[in-house]
Amino acid sequence: QVQLVESGGGLVQAGESLRLSCAASGLTFGTYDMGWYRQVPGEEREFVARINRRGDSANYADSVQGRFTISRDNAKNTVYLQMNSLKPEDTAIYYCNAKHIVLGGLNYWGQGTQVTVSS
């Protein structure tokens, strides 16, 4: 059974930092591209960042480019999202995503972790 468990969310003030973690189990981690998405209640889930299976290529949403950094540790089956210079508009539930590099139908989500940024 595949599980993605996010942690590290919380309440911070604008300008501060948070580091999210997503621990994966039940899958061959190195065969999955990993991503972070976020969702505000009542709105669609939006892309934040993605990193390839080797960890040597990443891409970001324009809204977080230069402030957020995605990374992964394949030895620990974990993906991270370092969030710096947080803004109130970053407030959302953040979800971890795993998508197989070949079998796109193997696509998994975590349960989400709340990030709240106060002004």
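This is a predicted model: local features need pLDDT of at least 70, side-chain atom pairs count only at pLDDT 80 or more; totals for chains, interfaces and linings use all residues.
Colleague: What joins cysteine 22 to cysteine 96?

Modeller: The general idea comes first. A disulfide is a covalent bond between the sulfur atoms of two cysteines. Here, a disulfide joins cysteine 22 to cysteine 96, with 2.1 Å from S to S. The count for this structure is 1 disulfide.

Colleague: Which parts of the chain does the pair tie together?

Modeller: Cysteine 22 sits in strand β3 (residues 18-25) and cysteine 96 in strand β9 (residues 92-100), so the link ties together parts that are 74 residues apart in sequence.

Colleague: Now for charges. How many salt bridges are there?

Modeller: Again, the idea first. Side chains of opposite charge can pair when their charged atoms come close. In this model the count comes to 4 salt bridges.

Colleague: Which residue forms a salt bridge with glutamate 46?

Modeller: That is arginine 38, and the closest N and O atoms of the pair are 2.6 Å apart. Arginine 38 is buried, with a relative accessible area of 6%. Glutamate 46, at 37% relative accessibility, counts as partly exposed.

Colleague: And what do the side chains of arginine 38 and aspartate 90 form?

Modeller: They meet in a salt bridge too, at 2.9 Å from N to O. This pair links distant parts of the chain: arginine 38 is in strand β4 (residues 32-39), while aspartate 90 is in the loop between β8 (78-83) and β9, 52 residues apart. Both arginine 38 and aspartate 90 are buried. Salt bridges that share partners join Arg38, Glu46, Arg67 and Asp90 into one network.

Colleague: Where is arginine 67 found?

Modeller: Look in the loop between β6 (58-60) and β7 (68-73). Arginine 67 counts as buried, at 11% relative accessibility. Its side chain reaches the backbone oxygen of serine 63 at 2.9 Å. Leaving aside residues up to four places away in sequence, arginine 67 touches several residues, including Gln82, Met83, Leu86 and Asp90.

Technical notes
Residues are numbered from 1 along each chain as its sequence is written. Side-chain values use heavy atoms; hydrogens and water are left out. A disulfide is a pair of cysteine sulfur atoms within 2.5 Å. Helices (H or I, at least four residues) and strands (E, at least two) are DSSP runs, numbered from the N terminus. Buried means under 20% relative accessible area, exposed over 50%, partly exposed in between (1.4 Å probe, protein chains only). A polar contact is a pair of N or O atoms within 3.5 Å; within protein, one must be able to donate a hydrogen and the other to accept it, and residues adjacent in sequence count only if both atoms are side-chain atoms. Contact means heavy atoms within 4.5 Å.
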